[in-house]
Amino acid sequence: MISLIAALVVSSTPPSILIQGGLVIDGSGRKGIIEDVRIVGQKIKQIGHLKPRLGETVLVAKGKAVAPGFIDAHSHDDGWLLTDPVAESQIRQGITTAVVGQDGGSSFPIRAMFQLYADRHVALNVASFAGHGTIRGKVLGKDSHRAAKPDEVRQMAALVGKEVEDGALGLSSGLEYEPGRFGTTDELIALGKAAGKAGGIYISHMRNEDNDVLKAIDELFSIAEKGHLGAQISHIKIGSARVWGKAAQIIHKMESAEKKGIYITADVYPYTYWQSTIRVLIETQDYSDRKQWEQGFKDIGGADHVLLGVYDPDPTWKGKTIGEISRMTGKDPVTVCQEIVQATAGGGKGKEETVVVTAMSDQDLDKFIASPRIMFCTDGQRGGAHPRYAGSFPRILGVYVRERRVLSLESAIRKMTSFPASRFGFKHRGLIRKGYQADVVVFDPTKVIDKATTKDPEAKPVGIEHVFVNGIPVLVNGKPTRATPGQVIRRTVRLR
Ligand SMILES: [Zn+2]
């Protein structure tokens with residue numbers, strides 16, 4: 001009897017873990033300090049020079065960095081997390097929180113989604129935006145490829161307000177996609193007002209990311225200003241040679257807006273290439289127009305910059321650039337592209353097509369990566385050809401911090417942790433602080449780096465050693481534990 005009581009007492013004590021002797025980079029941006037960190041239950045309990053307690057698990061972190069868990073500001077893991085809750089590609093990067101519901105697409109209603117995540121248990125913490133495209137579909141039904149009528153805008157605004165009140169971080173849009181692109185600026189201002197009134201912000205895959213990117217940024221600024229809410233540019237990029245070199249100007253514009261009381265931020269992934277459909281190379285969507293294709297190639301630096309990453313109709317074309325396919329088949333690059341468009345018309349099974357296009361300049365990307373106003377994201381998809389899904393965060397730490405010194409380690413960690421946590425209003429996360437949720441990453445700053453490439457997009461990064469989510473280890477010595485301690489993070493504070 002006594003031994004049973006003793007066993008109950010032991011098991012009701014939350015586990016205690018001491019991370020000993022690591023360089024604690026606390027997420028605030030200040031310089032790292034060698035300290036010990038004690039995790040008890042879900043929380044960070046103590047920081048300082050600590051002695052191990054009897055029965056405590058000790059992790060020796062000498063020579064390693066100890067940081068808050070990383071926050072992926074633009075994640076497409078929404079659906080995947082429920083089918084594969086372990087999220088191996090994410091925890092291997094040190095990601096502990098995914099911000100989903102991006103590009104205008106979200107689970108609706110958000111209440112049901114939060115319930116589903118809480119019931120199923122997933123490895124990551126999850127927060128979500130409410131999608132403009134999703135809500136447009138709810139109100140306009142199948143007839144969503146047109147401008148909305150005033151009454152429909154009112155109905156959409158009411159739904160946006162409700163979703164944000166129920167815990168969405170704000171309104172997301174994908175204005176290069178359907179049905180988002182049929183939404184006018186006025187419609188987005190009206191919905192932005194509803195999101196802002198309820199305490200949320202606006203986040204957007206803008207209407208254009210190449211030749212007209214500056215115009216698209218103006219639209220985002222005007223939605224923020226007239227909708228009276230803060231805004232974030234999703235996966236910021238300058239995807240056309242015609243506009244290269246404008247990164248500093250864009251960052252300056254964001255800084256100046258703050259003087260007018262408009263808080264604009266952005267997120268970025270660390271690659272000079274994007275992934276989408278080959279169709280986005282043609283602005284007019286007239287795929288028969290050879291001149292348009294030629295201009296499209298010119299803007300991104302030629303047909304060798306377009307890699308066909310996924311291509312169902314002909315597996316021998318997959319993994320090759322349009323230039324390579326052209327040389328292989330003796331057809332000119334425009335003809336190759338037109339054939340791809342034709343063979344994949346309508347999409348769906350057996351007709352999938354994805355291209356990876358190198359179209360950004362290193363100089364612009366470096367400026368975005370260094371800016372204190374821009375956080376990080378993966379924007380990746382499982383099964384996609386783009387290595388960002390499995391490599392983004394270790395790539396920042398390995399390539400941009402250690403090898404190229406584009407930014408300091410402390411600054412990079414701040415942009416992965418406390419900055420997104422404060423931007424999205426995550427309470428008690430994003431810092432190594434007493435009483436904070438124990439989302440913690442232990443990594444080797446001398447080794448951490450990405451391994452994923454377009455040829456092997458799922459290759460595992462190295463150097464991320466231990467990862468804790470809400471105090472529970474999800475990665476130990478580089479191996480997933482398959483634990484699923486993630487929590488739903490509802491917006492509870494007013495975002496600026
Ligand atoms: Zn997007």
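Among contacts (heavy atoms within 4.5 Å) in the protein chain between residues at least 6 apart in sequence, 75% join residues at least 24 apart. The model is predicted: local features need pLDDT of at least 70, side-chain atom pairs count only at pLDDT 80 or more, and totals for chains, interfaces and linings use all residues. Residues are numbered from 1 along each chain as its sequence is written, and side-chain values use heavy atoms, with hydrogens and water left out.

**Overall form**

- The protein chain holds 16 helices and 22 strands, where helices (H or I, at least four residues) and strands (E, at least two) are DSSP runs numbered from the N terminus.
- Its radius of gyration, taken over C-alpha atoms, is 23 Å, close to the 23 Å that the globule rule (2.2 Å times the number of residues to the power 0.38) gives for 496 residues, so the chain is as compact as a globular protein of that length.
- The C-alpha trace spans about 80 × 55 × 50 Å along its principal axes.
- Of the 496 residues in the protein chain, 58% are buried; buried means under 20% relative accessible area, exposed over 50%, and partly exposed in between, with a 1.4 Å probe and protein chains only.

**Zinc site**

- Asp-103 (OD), Asp-103 (OD), His-205 (ND1) and His-235 (NE2) coordinate the zinc ion at 2.1 to 2.4 Å.
- Donors are N, O and S atoms within 2.8 Å of the metal (3.2 Å for Na, K and Ca); water is not among the atoms, so sites may look incomplete.
- The site is irregular, with angles of 55 to 142° among the four donor atoms; four donors count as tetrahedral if all angles lie between 85 and 135 degrees, four count as square planar and six as octahedral if opposite donors are over 155 degrees apart and all others between 65 and 115, and anything else is irregular.
- Along the chain, the donors follow the spacing D-x101-H-x29-H.
- Distant parts of the chain are linked by a pair 30 residues apart: His-205 in strand S11 (residues 201-205) and His-235 in the loop between strand S12 (231-233) and helix H9 (247-259).
- Both His-205 and His-235 are buried.

**Four-stranded sheet**

- An open sheet has the strand order S14-S17-S15-S16, with antiparallel pairing; two strands pair if DSSP finds at least two bridges between them.
- Strand S14 (273-276) and strand S16 (320-321) are the edge strands, each pairing on one side only.
- S14 and strand S17 (residues 353-358) run antiparallel and are joined by four bridges.
- Tyr-273 has Thr-358 in S17 as its bridge partner.

**Cysteines**

- The structure holds zero disulfides (pairs of cysteine sulfur atoms within 2.5 Å).
- Cys-337 is buried at 0% relative accessibility, and Cys-377 is buried with a relative accessible area of 0%.
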